[in-house]
Amino acid sequence: MLIRLLTLISLLLCSVITSLPAVADTGSIAGTVAAPIPKHRAGAIVYVKQGPVAVPLGQKTVTLDQKGLVFTPRILPIAKGWTVEFLNSDPVAHNVYTIDGEKYDLGTWPQGQKKTHVFAKSGVYRQLCKVHDDMISYVVVLDTPQFAVSDKDGKFALSGLAPGSYTLGVWHEKLGAADLSVTVTAGAPTALPVVLKAK
Ligand SMILES: [Cu+2]
């Protein structure tokens, strides 16, 4: 019985070990954002400005919902060339326009309908609604697909990173932080504190 159990355990360990190399080739960052006011720990975008390998931007479509009279998510990082699908989930009409970059007005549409916009240039685009002037969200168009947003506790994670030296940029709607230099190693996550200050 004991021998069988030991055999089973060693088989299990073998399968775990053989499945490890693919993961161990890359590294990750486990970050924590600090801010003067705790609620401002959320919504910080941390992104790769420079890394050991060039990562293709890719082509993705992400959704920015208008629900309960708020844009969700409020902070939406994307890579240059990606598409944002603006969805209205409310039983009232919403509009989407921006005063930034190419300054578009996508129009006003009812519940269940959506419109798309391709962001060809990097930059920060405030999304506004002509029907509800307190609605706002930020589409932050980056020159990298490697980014993360901090949660309400200030936690964020960047994974699938090639080992090496990185320069990271930080964007926050109200606060700021200097660029960060960090060395990522394969395997265990690299801890990274980020301290936000007044811009
Ligand atoms: Cu609206």
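What share of the contacts between residues at least 6 apart in sequence join residues at least 24 apart? The figure is 62% for this chain. The points below go through the model, which is a predicted one.

1. Overall make-up. The chain has 199 residues, and 26% of them are buried. Its secondary structure consists of two helices and 18 strands.

2. Confidence. Mean pLDDT for the chain is 92, and 88% of the residues reach 70 or more. Residues 16–22 are a stretch to set aside: pLDDT stays under 50 there, and the model gives these residues zero contacts beyond four places in sequence. Where pLDDT is low, the predicted coordinates should not be read in detail.

3. The largest nonpolar core. This core has 37 residues. Those that touch the most other members are A44, V46, I78, V139, V170, V194 and L196. Two or more residues come from each of β1 (27–34), β2 (45–50), β5, β6 (83–88), β11 (136–142), β13 (155–161) and β14 (164–171). Domain 1 (25–53 + 152–199) and domain 2 (56–145) both contribute residues, so the core lies between them.

4. If residues up to four places away in sequence are not counted, A44 touches V33, S150, V170, H172, V194 and L196.

5. I45. This residue sits in strand β2. Is I45 buried or exposed? I45 counts as buried because 21 other C-beta atoms lie within 10 Å, and the cut-off for that class is 20 or more. Leaving out neighbours within four places in sequence, its contacts are I75, P77, V140, F147, V149 and W171. I75 is 30 residues away along the chain, yet the C-alpha atoms of I45 and I75 are separated by 8.2 Å.

6. A four-stranded sheet. An open sheet with mixed pairing has the strand order β4-β3-β6-β9. Its edge strands are β4 and β9 (114–118), each of which pairs on one side only. Ignoring direction, neighbouring strands in this sheet are turned by 25° against each other on average. The pairing of β6 with β9 is antiparallel and runs over five bridges. One of the residue pairs to look for is E85 with T116, its bridge partner in β9.

7. A cis peptide bond. Which peptide bond is cis, with omega near 0°? The bond from T72 to P73 is. P73 belongs to the loop between β4 (70–72) and β5 (75–79).

8. Positive phi at L69. L69 is not a glycine, but its phi is positive, near 65°. The residue lies in the loop between β3 (61–67) and β4. With 13 other C-beta atoms within 10 Å, L69 is classed as partly exposed.

9. Positive phi at K103. K103 is also a residue other than glycine, with a positive phi of about 50°. Its place is the loop between β7 (94–97) and β8 (105–109). K103 is exposed because 9 other C-beta atoms lie within 10 Å, and a residue with 12 or fewer falls in that class.

Note on methods
Residues numbered from 1 in each chain as written. Predicted model: local features only at pLDDT ≥ 70, side-chain atom pairs only at ≥ 80, totals over all residues. Core = buried A, V, L, I, M, F, W, Y, C linked by C-beta atoms within 7 Å. Domains from an automatic or database assignment. Contact = placed C-beta atoms within 7 Å. pLDDT = per-residue confidence, 0-100. Pairing = 2+ DSSP bridges. Axes fitted to C-alpha atoms, helices over the stretch in contact; angles between N-to-C directions.
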